[in-house]
Amino acid sequence: MSEGEDDPLDKDILSTLLEILCCPRCEGDLSLTSDASGLDCVQCRLRYPVEDGIPIMLVERALPLIGNLAEKGE
Ligand SMILES: [Zn+2]
């Protein structure tokens, strides 16, 4: 897998945004995905998409989080 040059600037802007953004549903913290293509809310198990560097903070646009992330309590 070639990662290429992630745009570090975009990521930087997103991390700054992260400090002011919160989940519109639960108002909890969000975490940026490693490829900066989404913002995850672990509580709601939702992923808000990031399109062209702009987070789409709409519950109806969010995708359900599946897999590992949610299952760490066992
Ligand atoms: Zn939430």
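**Strand pairing and positive phi angles in a predicted model**

Arg47 stands opposite Leu63 in strand E5. The model is predicted: local features require pLDDT of at least 70, side-chain atom pairs count only at pLDDT 80 or more, and totals for chains, interfaces and linings use all residues. Residue numbers start from 1 along each chain, as its sequence is written.

The protein chain has one helix and five strands. Both are DSSP runs, numbered from the N terminus: helices are H or I with at least four residues, strands are E with at least two. From the N terminus on, the order is α-β-β-β-β-β. Of the 74 residues, 16% count as buried. A residue is buried if 20 or more other C-beta atoms lie within 10 Å of its own, exposed if 12 or fewer, and partly exposed in between; C-beta atoms are placed from the backbone. Among contacts with a separation of 6 or more, 22% come from residues 24 or more positions apart. Two residues are in contact if their C-beta atoms, placed from the backbone, lie within 7 Å.

Strand E3 (residues 46–51) pairs with strand E2 (residues 38–41). Two strands pair if DSSP finds at least two bridges between them. The E2 and E3 pairing is antiparallel and has four bridges. Asp40 has Arg47 of E3 as its bridge partner. The two strands form a hairpin with four residues between them. In this turn, Arg45 has a positive phi of about 55°.

E3 is also joined to E5 (residues 63–64) by two bridges, and these strands run antiparallel. The Arg47 and Leu63 positions face each other in this arrangement. A further antiparallel pairing, over two bridges, links E3 to strand E4 (residues 54–55). Here Glu51 stands opposite Ile54. E3 and E4 form a hairpin with two residues between them. Asp52, in the turn, has a positive phi of about 55°.

Positive phi values also occur in loops. Glu27 is not a glycine, yet its phi is positive, about 60°. Glu27 is placed in the loop between helix H1 (8–20) and strand E1 (31–32). Glu27 counts as exposed because it has 9 C-beta neighbours inside 10 Å. Ala36, another residue other than glycine, has a positive phi near 60°. Ala36 lies in the loop between E1 and E2. Ala36 has 18 C-beta neighbours inside 10 Å and therefore counts as partly exposed.
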